[in-house]
Amino acid sequence: MSNLLEKITDLNDLVLLGKAKEAFEKYYDKNVVMQEDDDTIPTAGNLVNRPRGIEFFKNITDFRAVKALKVTIRENTAVVEWHYDYTHKGWGIRNYSQVSIQEWKNGKIITT
């Protein structure tokens, strides 16, 4: 479990340093399955998920804060509660907390 703790700590640090792209490339499996709360169907694979992430960050006009509030790790699962405060071109001002549940396998996130 300490190995997973090291990985999730590094992943979170990369995000906090504004290096989300590097974090994605380093820690997300090429076949990662991702699902947002509003989506009824998950998206699978880096070919779909990576461009979605890039598009999201391109549309942020003001990034005021991001903070990992809580991290819980058990076996191959990590749960991170994040707080975000930013302005997005299409969505306006966003200030909220979100829980990210990640399933890990072979040092990579396979579902989130």
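**Close-up views of a predicted chain**

**W82 sits in strand 4.** This is a predicted model, in which local features need pLDDT of at least 70 and side-chain atom pairs count only at pLDDT 80 or more, while totals for chains, interfaces and linings use all residues. Residues are numbered from 1 along each chain as its sequence is written, and side-chain values use heavy atoms, with hydrogens and water left out. Strands here are DSSP runs of E with at least two residues, helices are runs of H or I with at least four, and both are numbered from the N terminus. With a relative accessible area of 5%, W82 is buried; that word means under 20%, exposed means over 50%, and partly exposed is in between (1.4 Å probe, protein chains only). Leaving aside residues up to four places away in sequence, W82 touches several residues, including N12, V15, L16, V66, A68, Y96 and S100. Touching, or contact, is about heavy atoms within 4.5 Å. Take N12: 70 residues separate N12 from W82 in sequence, yet their C-alpha atoms are 9.7 Å apart in space.

**Helix 2 has a buried face.** This helix covers residues 20–27, and A20, A23, F24 and Y27 are buried in it. Looking down the axis of helix 2, you'd find those buried residues within an arc of 100°, so they line one face of the helix. The arc is the one made by the directions from the helix axis to the C-beta atoms.

**M34 belongs to strand 1.** That strand takes in residues 28–34. M34 has a relative accessible area of 14% and is buried. If you skip residues up to four places away in sequence, M34 touches F24, Y28, P42, T43, N49, R52 and T112. One of these, F24, is also among the buried residues of helix 2. Another pair to look at is M34 and I54, which are 20 residues apart along the chain and have C-alpha atoms 15 Å apart.

**E75 and N106 have positive phi values.** Most residues other than glycine have a negative phi. For E75, phi is near 50°, and for N106 it is near 55°. Where do you find E75? Look in the loop between strand 3 (60–74) and strand 4 (77–88). N106 is placed in the loop between strand 5 (92–105) and strand 6 (108–111). Buried or exposed? E75 counts as exposed at 61% relative accessibility, and N106 counts as exposed at 75%.

**Stepping back, here is the whole chain.** Its secondary structure comes to 3 helices and 6 strands, in the order α-α-β-β-α-β-β-β-β along the sequence. The radius of gyration is 14 Å, close to the 13 Å that the globule rule gives for 112 residues, so the chain is as compact as a globular protein of that length. That radius is taken over C-alpha atoms, and the rule is 2.2 Å times the number of residues to the power 0.38. Along the principal axes, the C-alpha atoms fill a box of roughly 40 × 30 × 25 Å. Of the 112 residues, 28% count as buried. Among contacts with a separation of 6 or more, 44% come from residues 24 or more positions apart.
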